[in-house]
Each structure stands twice: as C-alpha cells, then as structure tokens.
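Trainee: I would like to learn how to read a contact between two chains, and then a few local features. Can we go through one case step by step?

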Amino acid sequence: MSSEYARVATDALPEALRPDYLTPNAAIGIAFLAGALFLALAAWFLLKKKKGAKRDKVLLTGLSEAGKTVLFMQLRHGETVATHTSMESNESRFSLPTSYSTPTTPGPSVHLVDLPGHEKLRFKYTEHIATTGAIVFVLDSTTIARDLRAVAEYLYDILVNRYTQRNEVPLLVLCNKSELLMALPVEKIRVLLEGEIEKLRTSRAAEIQSLDDSGEQEELLGVEGEKFAFEQLANPVSFAKCSLIAPAGEAHPRGPREVMDFIENVL
Amino acid sequence: MNWGFDDEPLSVAVHEPANAPLAPASIPRHPRRSCDCLRMLDTVTVLTKGGLVLWSKAYSPSVPTVQSRNPVDSLVRRVLIEDLASANPEQGYSKDSYQVKWTFGNEVGLIFVIVYQKILQLAYIDELLEAFKRLFCSLFDAKIRDPDALHSYAEFEQKFDTLLGALEAEDAQKSKRKAPRKFEDTKGYQNTLAAQASGEKAATPDATTAGAGTAPLSEADKLDEKLQALGLGKRSGGKKGTSGGGRKTPQKGPSRSGSSTSLDSSPRSEPKAQRSWVGGVASTVAATGGALDYSDSAASDAAIPSQELIGAHLGSRGHDGLYDAAEMDARESDDDEDDDASAVTATPQKSGGIFSFFQNLTAAKTLTREDLDPMMAKLREDMINKNVASDVADHLCASVTESLTGTKIGKFSSLMKAIKQNLEPSLRKILTPKTSTDLLRDILAAQAANRPYTIAFVGVNGVGKSTNLSKICFWLLQNDLKVLIAACDTFRSGAVEQLRVHVRNLGAVHPGATVELFDRGYGKDPAGIAKDAVSHAAKNGFDVVLIDTAGRMQDNEPLMRALAKLVTVNNPDKIIFVGEALVGNEAVDQLTKFNQALKDFSGVRNPRQIDGIVLSKFDTIDDKVGAALSMTYTTGQPIFFVGTGQTYTDLRRMNVRSIVNSLLAK
C-alpha cells in the first residue's frame with residue numbers, strides 16, 4: 001500500500017528530481033535548501049508566537065464600584081448594562097470599532113481584561129501584567145476624597161510593578177461619574193493622587209522586608225528628592241474624565257471617546 | 001433545610017398586605033392574588049461571576065442600588081469573595097433587613113440570587129431558587145454559552161412569575177392545612193417514608209402522586225417534571241433527550257427520561273380538581289398565558305399536576321433537602337476566560353460513528369461529588385499535616401467541592417491537579433488582606449492629626465507579645481518615630497522589668513532615638529495605665545504608643561473581661577493578636593474566643609475586634625505554615641508581621657505567594 005503511494009508520488013515529481021536521476025550534488029543542494037527553509041519557517045513561527053504573546057492586553061483596573069464592568073461591556077458590546085460586584089475577571093478578544101473602522105475593515109484587535117476591584121482579588125492583575133500593553137485605571141470621582149488612600153495604593157502597586165516599569169506601559173486614569181454633583185475635577189484628583197503617592201513612597205520604602213524576599217527591591221517611584229509627579233514616570237500617565245452612565249443624549253454608544261482614543265493610540 | 005415545617009408561620013408579624021398569603025386565614029381566592037404575592041420577594045437576579053446582570057426583577061423599589069448597601073453586592077463582597085464563615089448557602093446571608101439566598105450554576109458560571117425581607121419566613125425559597133436556576137439554565141442554555149453577544153433575557157420574567165405563583169399557591173395551601181399539623185406533614189413521617197424507601201409510599205392521600213408503583217424519582221427529576229408541568233421546562237421528554245445528548249449522568253439518565261415520558265402521557269389531574277384555590281391558580285396561569293407559548297400542551301391544566309408533583313416532592317424531601325446538582329452536570333463546563341467559542345459549540349452535540357467513539361475516549365469528564373470525595377479526604381489530610389486547623393480544612397474542601405462539582409475536566413488531566421488549581425486562587429484570596437497593611441502610612445496620618453497612634457498587643461501566655469512588640473518598636477525607631485511603651489502587664493512578675501530591658505537595649509541600638517517605658521508597677525488596672533500612657537504620649541509628642549498586655553488564656557473570663565475593658569476605654573488604633581505559628585486547631589479557638597470576648601464584654605454597640613495578627617516563632621515550623629491560613633481565615637484579618645528569630649531585626653512581612661506555595665507543596 002505505502003510503496004504504491006511512494007511510486008505515485010515519485011512519478012508526479014519533475015524528471016530531474018526523481019531519485020534515479022539525482023546527482024549527489026543536486027541531492028545535497030536540495031537537502032540544504034529544505035533545511036534552510038525549515039529553519040526560516042521555524043524562526044518565523046517563533047517570532048510570530050513571541051509577538052503574539054507580546055503585550056496586547058488592555059487591563060481595566062480600579063477599586064470596586066468604579067465602573068470597570070460597565071466600561072468593559074460598553075467597549076465590548078456597545079451597551080450599558082446593570083452590574084454587580086465582580087468576583088471574576090471578564091475577558092474578551094475582539095476588534096475595537098474605531099473612528100475609521102467599517103464593517104469590512106474592522107478596527108484593531110484588543111484583548112480586554114476587566115479585573116475585579118475587590119481588595120482580596122487585586123492580586124489578579126499580576127497574572128496579566130507581563131503581557132499588558134495598556135492599563136485603564138478607573139476611579140469614582142465622587143468618592144475619591146474618601147477612598148484616596150485605597151485608590152492611591154492600588155495605583156502605586158501597579159505603577160511600581162516591575163513589568164509596568166520595564167515595558168513602560170501607558171496608563172490612563174479615568175475619572176468616572178463626572179456628571180454627578182459631588183464629582184471632583186480631574187486636576188484636583190491628579191493633585192490628590194500625587195500627594196498620596198508621595199506619602200506612600202516614603203512609607204513603602206521604610207517597609208519591613210518580606211518573607212522569602214529574593215532581594216528584589218522595589219524601585220522608588222519618580223525622582224528621589226523631588227515631590228512626586230506623574231510626569232516623572234517613564235511610562236506615560238494621562239488623565240481623563242468621563243461619565244459612563246451619561247445623561248440622555250450625551251451617551252457614547254460604544255464607550256467614552258477618551259478610552260477609545262487611548263487604546264487606539266497604544267495599539 | 002426542612003421546608004420550614006418546624007417553623008411556625010409568621011402570621012403575627014405581618015407588616016404589609018403583601019404578606020397576607022402567609023396567614024392561614026387569608027388564602028386569597030381571586031385572580032389578583034398573584035400580583036399581591038409577588039411583592040413578598042424584593043429582588044430576583046441572575047448574574048455572572050464577572051458581575052454582569054443577565055436578568056433581574058425588582059419587586060420592591062426600595063432596595064438600595066448603591067453598591068455599598070445593595071444586598072446583592074454585599075453578598076458578593078462579604079460572602080462570596082471574603083468568605084464570611086457565618087453565611088452558608090443553606091441558611092442564607094442577611095444584610096440589614098434583607099435575607100439573601102443564592103445558588104451557583106457552576107456549569108455556566110452564574111449566580112442566582114433571591115432577596116427578600118428577613119422578617120418573612122418563606123418556606124418555598126429553596127425550591128424556588130433551584131427551580132429558577134434549572135429553568136433559566138435550560139431555557140437559555142445556548143445564550144448563556146455564547147460569550148460574543150449580550151443577550152436579552154427579558155422574556156424570562158413571565159416564566160418566573162408563573163413559577164413563583166405556583167410555588168406560592170402551594171405554600172399557601174400548605175399553611176392553610178397547617179393549623180393542626182398532620183402526622184403526614186411532620187419530619188417523623190418523612191423519615192418513616194425515607195426508611196420505607198420505595199414500595200408503600202403512596203398510601204396516604206397527601207402523598208399520592210407521581211404514579212404509585214413507579215420507582216421514586218430523585219429530587220432533581222421531580223423539579224424538572226414540575227417545571228414541565230407548569231409548561232416552563234423543556235418541551236418534552238424527547239426534546240430533552242436530544243438536547244441533552246452530552247448528558248450522561250450515570251445513575252439518572254435512564255430513569256428520568258423514562259418516568260418523565262410516562263408522566264407526560266398519563267392523565268394526572270383527578271384527585272384535586274375540586275380544591276377552591278385551584279381556580280385562583282388556574283386563572284393566574286391563564287392571565288399570564290402569553291408566557292406559556294413555549295409549552296407543549298394544555299396550559300390550563302398545567303397548574304394542577306404541578307400541585308400533585310409538589311406533594312410528592314414534599315413527601316420524600318427531608319433530611320438533607322439539597323437537590324442533587326448532578327443533574328445538569330454533563331453540560332459543557334463554562335470557562336469565562338476561554339475566548340475560543342468553537343469548543344463551546346462543538347462538544348455537546350452527539351454525532352455518530354468514529355467521532356463519538358473518540359469523544360467518549362477523550363471527552364471531558366463531568367465531576368460529581370462522588371469523584372471528588374476521595375480526593376477531598378486526601379487533600380484534607382494534606383492540609384492538616386501542614387497544620388491547618390481541621391475546621392478550616394473542612395471548609396476549604398467543601399468550597400472546592402462546591403465550585404468543582406459540575407465542571408468538566410479532561411480525561412487525561414489529573415483530578416488532583418484540577419483541585420489544586422482551584423485551591424490556589426482561593427488560598428491566595430484568603431491570605432490577601434482586605435485592607436491596607438501599611439502601618440507606617442497609618443502612623444503618618446495620625447501624626448498629621450497630632451495624636452499618638454496606639455497599638456495593643458494581645459494573645460495567650462508565652463507567644464511572644466513583648467518580644468514582637470520590641471521588634472516592631474525597633475522598626476518604628478528606625479523610621480525616626482518616637483515610641484512610648486505602656487507596660488500594661490501588671491499581672492506576671494517580671495513583665496515590667498522585661499520591657500525595661502528592651503527599652504534600654506533599643507535606646508542603646510538607636511542612639512538619639514526616643515523610646516520610653518510607661519509603667520505603674522504591678523497590680524494596677526491595665527486599662528487605666530494604658531489611658532494614662534496615651535495622654536502622657538499626647539502631651540510629650542510621642543508618635544506611637546505600644547500597649548503590652550498580659551498573656552491570658554482565651555477561657556479565662558475575668559482576664560478577658562479586663563482585656564475588653566482596656567480595649568473599650570482606650571480604643572486603640574490597632575488591636576494586634578500575637579499567635580504562635582506552631583498551633584494547629586488551637587489557633588481557631590484562640591482567635592474566635594478573643595473576638596467573642598471583645599464583643600461580649602465590651603458593653604458597646606459596635607465592639608472592636610482583632611485588627612491584625614503577628615505570627616511568632618515562624619522560623620520553627622519549616623513548611624507547616626497552616627496556622628497562617630487558619631488565623632487569616634478565622635478572622636478575615638491580615639497578618640501584619642511574622643517573627644522569624646531572636647534578634648530585633650527578625651521581623652518580616654508575610655509573603656502570600658510563599659505561604660500558598662508551602663501549603664500546596666507535597
């Protein structure tokens with residue numbers, strides 16, 4: 001049976017390549033070519049894989065109740081939905097509809113991950129951070145004064161993470177719920193966060209060594225000896241205000257413009 | 001869960017007319033009844049674990065929507081994430097005036113929640129919840145499994161109302177019969193029934209049901225049939241058979257399909273047609289007739305058989321009252337994070353020949369409780385060998401079982417691996433603190449507010465309170481803080497002198513640092529000494545007051561009272577429990593009793609509890625790190641520091657990852 005196939009296959013080859021007619025030189029040449037081709041293919045696949053595993057994730061982070069899941073659903077499905085506290089991540093890979101995208105030419109593909117905001121589940125961002133290309137940090141503009149420390153600590157942890165620093169991951173601080181009366185203006189929020197991170201920087205630097213510490217010291221955020229400001233960071237940190245549940249008429253059908261632009265720029 | 005048979009109905013505590021159906025006297029007889037009774041529930045919700053609400057109905061507008069006060073959010077946060085030990089699925093969780101009951105649909109990653117007023121004792125809630133879950137899962141199976149679009153589940157509303165109406169009618173019927181409780185209704189009767197198993201079950205009129213002589217159906221089967229009878233379930237036995245092609249729950253498959261078809265074909269409305277309430281229900285059904293489009297046949301007689309079936313159900317329900325979740329197991333496991341939808345659509349359809357052979361060979365296996373139990377016993381033993389308290393180990397095993405039952409694992413992947421994969425994040429979750437553990441930041445805030453920051457160290461005898469206090473003092477001094485140590489151990493001789501030596505040493509190590517001892521000798525009231533120390537510190541510009549207390553056994557009531565007084569009088573910023581890493585089961589006992597004493601003896605409305613833990617003697621335990629887990633699990637509070645040796649610098653922060661690794665290592 002198999003010899004039959006072999007014969008048919010040989011017959012299909014051009015005359016010069018049939019085993020009977022091959023000169024030793026030609027055989028070596030063919031073997032060499034095949035080897036080179038194989039290596040090139042392997043290299044191409046490896047590169048592609050590496051690039052595929054590269055940082056294509058967009059993380060939605062922030063405390064509970066900030067509006068991460070609503071934002072996720074707006075970006076993913078273009079609808080505003082009712083949500084409760086998440087206990088697991090929402091994750092989806094899809095093509096982001098952008099200003100120039102049409103049904104035939106879809107926008108860039110994003111891998112969006114909405115992480116639960118609860119303190120006990122916060123560690124989940126560490127599972128994704130190595131392959132993250134952009135981070136959206138959502139906060140609630142109305143409660144920021146009360147939750148300042150918790151927000152700043154989470155933001156600090158993300159900013160000081162070695163992957164964020166090494167990859168210079170761009171970060172957007174999205175001040176949600178800006179339509180409400182109690183909302184603080186973005187500039188004020190920025191100043192508050194900078195002040196709080198400044199304090200955290202000192203207290204973290206003085207922290208006791210951790211068990212089984214591999215000697216990796218967290219780097220100091222910003223410039224030593226100067227008051228902390230987001231501009232000092234290597235990774236770009238931008239601020240934007242938005243209102244995910246906007247009053248009628250102003251609603252963005254597919255998520256706020258600021259976030260779309262941010263993601264579009266990064267990708 | 002015994003269906004509230006043993007509870008008296010709450011006929012006195014009726015608040016609003018909506019509660020009336022519970023009172024035996026007021027079984028409504030007119031069609032409007034269904035509208036009234038719907039208000040007994042506050043909210044019914046289906047949500048994904050990711051937080052997306054798939055379908056929700058609010059019966060009462062008063063449920064707060066702010067996340068911090070919404071009962072559903074509170075459930076997710078306090079119970080499902082923080083793992084509040086006092087709440088479990090059987091008893092439910094109470095938040096403010098609400099009672100919340102929930103169940104997981106693990107196969108599809110959903111949570112089903114019912115919220116009602118705590119004051120109501122609705123006996124049918126458990127059945128409603130289970131029927132709700134079943135109905136929703138079977139109706140929207142395809143939609144739920146399709147992650148690529150948002151679906152509307154609005155049409156579920158009428159179906160749910162029909163279900164609710166039927167169950168409430170049944171409940172009302174029951175309470176009407178209640179006044180002189182029949183033997184048939186008692187637990188004793190149910191036990192007798194259970195003992196008799198199958199044969200003579202159909203003797204009494206009340207229990208005459210789903211075909212005398214047929215083999216007893218499982219709880220799950222009955223529920224399915226009831227749903228069918230209501231015209232809510234899958235259309236027919238045949239349809240079920242095909243749609244559930246992938247289902248191969250071994251012990252159930254054949255008996256269920258067999259009996260359900262036989263029931264479908266048999267006439268089943270003879271004995272109870274005359275009951276007065278039937279009219280009410282029947283008209284309910286007719287009124288919401290639009291909802292019944294899906295049902296196969298006569299909607300009008302649907303309610304009656306349902307009553308019969310409910311009767312059967314009651315007859316044999318009883319001791320454990322848990323529905324067997326294995327019923328829906330054999331579906332595709334849901335994986336929220338799985339992007340690849342092809343797997344979802346490809347698997348469950350049966351296809352003939354070779355493919356199905358291979359499928360059988362390699363198909364993922366649905367986990368049942370029976371599969372998991374032996375592994376759980378082993379896991380439990382492993383954990384106890386790691387010094388995890390047995391209560392905590394039991395609870396963890398139970399929660400792993402609960403979250404794995406109904407999911408699928410590949411035939412070639414190891415069950416133990418799946419269990420450990422499931423366990424790892426939950427261990428991390430337990431050990432991860434829910435609040436900041438940055439003490440220095442707290443102290444800076446207190447400094448800014450111009451007041452000393454106070455930390456009280458409590459614990460049983462000889463665990464190292466004074467030693468760890470001085471280690472923490474050393475660290476604070478390194479950060480240029482002024483520390484006052486209050487010697488409130490006025491009980492054990494030598495305690496004050498011990499601290500004095502520490503203060504002298506610390507002063508010598510840190511020349512120029514400000515550290516002082518505040519002592520008033522022995523035999524005085526520790527609460528008063530602490531108070532004096534705090535005011536002394538405030539006057540003299542100290543940043544931190546460390547309060548050393550006497551060691552006390554958790555059962556020693558006079559000493560525990562004294563501790564509660566110290567805490568109440570001084571209201572320290574942090575109450576830190578010092579515990580040995582060596583303890584096993586004792587850890588849970590110590591912590592619960594300390595917390596209980598602080599609560600019982602404080603005499604205030606919102607008593608303080610332990611805020612954090614220092615785990616001492618951690619260098620002595622090798623990889624038996626179970627105490628860390630037991631303590632954080634019991635209190636829900638973080639481990640601030642770990643003592644790892646004899647010198648002032650042997651103090652570490654806990655590293656969650658390394659503890660989890662030690663726990664999971666063989």
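Trainee: How many residues does the contact take from chain A and from chain B?

Mentor: The model is predicted. In it, chain A gives 42 residues to the contact and chain B gives 51 residues.

Trainee: What is the area buried between chain A and chain B, and what part of it do carbon and sulfur atoms give?

Mentor: About 4300 Å² is buried between the two chains, and carbon and sulfur atoms give 54% of that area. On the side of chain A, the residues that lose the most area to chain B are A:His84, A:Lys120 and A:Leu211, together 20% of what that side buries.

Trainee: How many salt bridges and how many residue pairs in polar contact are there between chain A and chain B?

Mentor: A salt bridge here needs a side-chain nitrogen of Lys or Arg within 4 Å of a carboxyl oxygen of Asp or Glu. Four salt bridges are counted between chain A and chain B. One of the pairs that meet this cut-off is A:Arg204 with B:Asp438, whose side chains are 3.3 Å apart, N to O.

Trainee: Which elements give two or more residues to the side of chain A that touches chain B?

Mentor: They are α3 (68–77), β2 (90–95), β3 (109–114), α5 (144–160) and α7 (186–205) of chain A. The largest share, five residues, comes from α7(A). By class, that side of chain A has ten nonpolar, 16 polar and 16 charged residues.

Trainee: How many helices and strands are there in chain A as a whole?

Mentor: Chain A has eight helices and six strands, in the order α-α-β-α-β-β-α-β-α-α-β-α-β-α along the sequence. Of its 267 residues, 45% are buried. Among contacts in chain A with a separation of 6 or more, 74% join residues 24 or more positions apart.

Trainee: Now a local feature. Where in chain B does B:Asn387 lie, and is B:Asn387 buried or exposed?

Mentor: Take the backbone angle, then the place, then the cover. Phi of B:Asn387 is near 80°, a positive value in a residue other than glycine. B:Asn387 lies in the loop between α14 (369–385) and α15 (390–404) of chain B. Its relative accessible area is 17%, so B:Asn387 counts as buried, the cut-off being under 20%.

Trainee: What is phi of B:Asn571, and where is B:Asn571 found?

Mentor: B:Asn571 is not a glycine either, and its phi is positive, about 45°. The loop that holds B:Asn571 runs between α21 (557–570) and β12 (574–580) of chain B. With a relative accessible area of 46%, B:Asn571 is partly exposed.

Conventions. Residues are numbered from 1 along each chain as its sequence is written. Chains are lettered from A and ligands numbered from 1 in the order in which they are written. This is a predicted model: local features need pLDDT of at least 70, side-chain atom pairs count only at pLDDT 80 or more; totals for chains, interfaces and linings use all residues. Side-chain values use heavy atoms; hydrogens and water are left out. Helices (H or I, at least four residues) and strands (E, at least two) are DSSP runs, numbered from the N terminus. Buried means under 20% relative accessible area, exposed over 50%, partly exposed in between (1.4 Å probe, protein chains only). Contact means heavy atoms within 4.5 Å. Buried area is the accessible area (1.4 Å probe) that two parts lose on being put together, summed over both. Ala, Val, Leu, Ile, Met, Phe, Trp, Tyr, Cys and Pro count as nonpolar, Asp, Glu, Lys and Arg as charged, and the others, Gly among them, as polar.
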